[in-house]
Amino acid sequence: MTSAERSVSRRFSSVSLTILLLAVIWSLASIAALAQTQTIYCGSEDGRRNTCSVNTRGGVRLLEQKSDARCIEGRTWGFKSNYIWVDRGCRADFEVGDRSYRGGDRDRDRDRDRDREGDRDRGRSSHGSVTWTGKVNHDVKLIIYGSRLEVFVQSGRDLGQGRYYFSSPLPRDAVITVRRVKGRNDVYVTDQPTRRNDYKAVVRITDSRGGNDDTEIVISW
């Protein structure tokens, strides 16, 4: 090989090495960009639904709950492609970023968090119901808290408190539903238990047709 050929070969090797180094640097920069995350606060003020705009295509993870009301994914918080939503008093810091980065560690963290939530739920008997039977003349309001239920007449005749029994006490962070078992009345939930209402649930029973209708409802959580 002539000296000229050796010179060309050295220059070619130098250029190749430079290209390789640039490719490695670009790859590392891309991985670092994918691994970046950001923290965003999102809160449900006064128990109302709220949305916080952010790109969530990399996934969302609850970092730290700030509220007394529990933040439960799918119930009181969640996310779409371009925002996080919160409801029923949930306020928290959320981490937004690539969930595939260090995915094993994050999956283990998520599973551990879910196990802890499940333990708390079992310890607090979060599922239960109360059954109320009584007479409604026109419009009454039922207030439920702990293991107590009180009836307040809004309009019409006062026909007494009726009867009720709990399968378990109402948790402070419950989400309730109501089902009519007997009667012609309209029944609906007006308030979920939150800190602003001293963790009391409120159900209304109305009968616009009048009369003393026998009613039985089941309030579940």
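Cys 90 is buried, with a relative accessible area of 0%, where buried means under 20% relative accessible area, exposed over 50% and partly exposed in between (1.4 Å probe, protein chains only). Its partner is Cys 71: a disulfide joins the two, S to S 2.1 Å, a disulfide being a pair of cysteine sulfur atoms within 2.5 Å. This is a predicted model, in which local features need pLDDT of at least 70, side-chain atom pairs count only at pLDDT 80 or more, and totals for chains, interfaces and linings use all residues. Residues are numbered from 1 along each chain as its sequence is written, and side-chain values use heavy atoms, with hydrogens and water left out.

**The disulfides**

How many disulfides does a search of the whole structure find? There are two, and here they are side by side.

| Disulfide | S to S | About the S-S bond |
|---|---|---|
| Cys 42 to Cys 52 | 2.1 Å | 95°, right-handed |
| Cys 71 to Cys 90 | 2.1 Å | 110°, right-handed |

Strands (E, at least two residues) are DSSP runs, numbered from the N terminus. Cys 71 has 6% relative accessibility, so this residue counts as buried. Cys 42 and Cys 52 are buried too. If you number the bonded cysteines in sequence order, the pairing is 1-2, 3-4.

**Rings that meet**

Now look at the aromatic side chains. A pair of aromatic rings is described by the distance of the centres and the angle of the planes. Rings of Phe, Tyr and Trp (its six-membered ring) pair if their centres lie within 6.5 Å; planes under 30 degrees apart count as stacked, over 60 as edge-to-face and the rest as tilted. The structure holds three aromatic pairs.

Why is the pair of Trp 77 and Phe 94 called tilted? Their planes are at 50°, with the ring centres 4.9 Å apart, so the pair is tilted. It links distant parts of the chain, with Trp 77 in strand β4 (residues 77-80) and Phe 94 in strand β6 (residues 91-97), 17 residues apart. Both Trp 77 and Phe 94 are buried.

The rings of Tyr 164 and Phe 166 have their centres 5.7 Å apart and their planes at 90°, so this pair is edge-to-face. Tyr 164 is partly exposed, with a relative accessible area of 35%, while Phe 166 counts as buried at 19% relative accessibility. Ring pairs link Tyr 164, Phe 166 and Trp 221 into a cluster.

**Charges over rings**

A charge sits over a ring if NZ of Lys or CZ of Arg is within 6 Å of the ring centre and within 35 degrees of the ring normal. The charged end of Arg 172 sits over the ring of Tyr 199, 4.0 Å from its centre. Likewise, the charged end of Lys 200 sits over the ring of Tyr 145, 4.9 Å from its centre.

Note on methods: Helices (H or I, at least four residues) and strands (E, at least two) are DSSP runs, numbered from the N terminus.
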